[in-house]
Amino acid sequence: MSKHFLKTIASLSIAAASVQGINVVVNDLATRKKLNEQRVGAYFPWKYGDIFYTENGQGNPVLLIHDLHPDNSSIEWSKIIPLMKDSAKVFALDLLGCG
């Protein structure tokens, strides 16, 4: 085997190990806050698709809508909802194509 071939194999092995290491870190960060667990909520039937929403608290209604990036969801509000639910009825929805 030539030195060039061995260097190529070594480089590819290092790259594959690096990608695997990055995947482990990303998976840990994504699952640490348990954001993938099932949320308790309901679906509002709309002519363009069913919209998932959660309802918490009592009082005057407040609607929380997340950012418009496809990766985003009502989980963005998970730290705000507990603070608001004592004084308002908080609705948080997942826009179609998101969440």
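Predicted model: local features only at pLDDT ≥ 70, side-chain atom pairs only at ≥ 80, totals over all residues.
**View 1. Four strands form an open, mixed sheet in the order S1-S2-S4-S3.** Strands here are DSSP runs (E, at least two residues), numbered from the N terminus, and two of them pair if DSSP finds at least two bridges between them. S1 and S3 stand at the edges with a single partner strand each, so one side of each has no neighbour in the sheet. On average, neighbouring strands are turned by 35 degrees against each other, direction ignored; the axes behind such angles are lines fitted to C-alpha atoms.

**View 2. S4 has S2 as an antiparallel partner and S3 as a parallel one.** Strand S2 (residues 51-56) joins S4 (residues 88-93) over four bridges. Look for Thr 54, whose bridge partner in S4 is Ala 92, and for Glu 55, which stands opposite Phe 91. Strand S3 (residues 60-65) meets S4 over six bridges.

**View 3. Glu 55 and Lys 89 form a salt bridge.** The term means a side-chain nitrogen of Lys or Arg within 4 Å of a carboxyl oxygen of Asp or Glu, and the count by this rule comes to one. The closest N and O atoms of Glu 55 and Lys 89 are 3.0 Å apart. Because Glu 55 lies in strand S2 and Lys 89 in strand S4, the pair ties together parts that are 34 residues apart in sequence. Glu 55 is partly exposed at 42% relative accessibility, and Lys 89 is partly exposed at 27% (buried means under 20% relative accessible area, exposed over 50%, partly exposed in between, with a 1.4 Å probe and protein chains only).

**View 4. Asp 94 sits in the segment after S4.** This residue is buried, with a relative accessible area of 6%. A polar atom of the Asp 94 side chain lies 2.6 Å from the backbone nitrogen of Ser 74.

**View 5. Trp 46 is found in the loop between strand S1 (42-44) and S2.** Trp 46 is partly exposed, with a relative accessible area of 41%.

Key:
Residues numbered from 1 in each chain as written. Heavy atoms only, no water. Polar contact = N/O pair within 3.5 Å; in protein donor to acceptor, adjacent residues only side chain to side chain. Axes fitted to C-alpha atoms, helices over the stretch in contact; angles between N-to-C directions.
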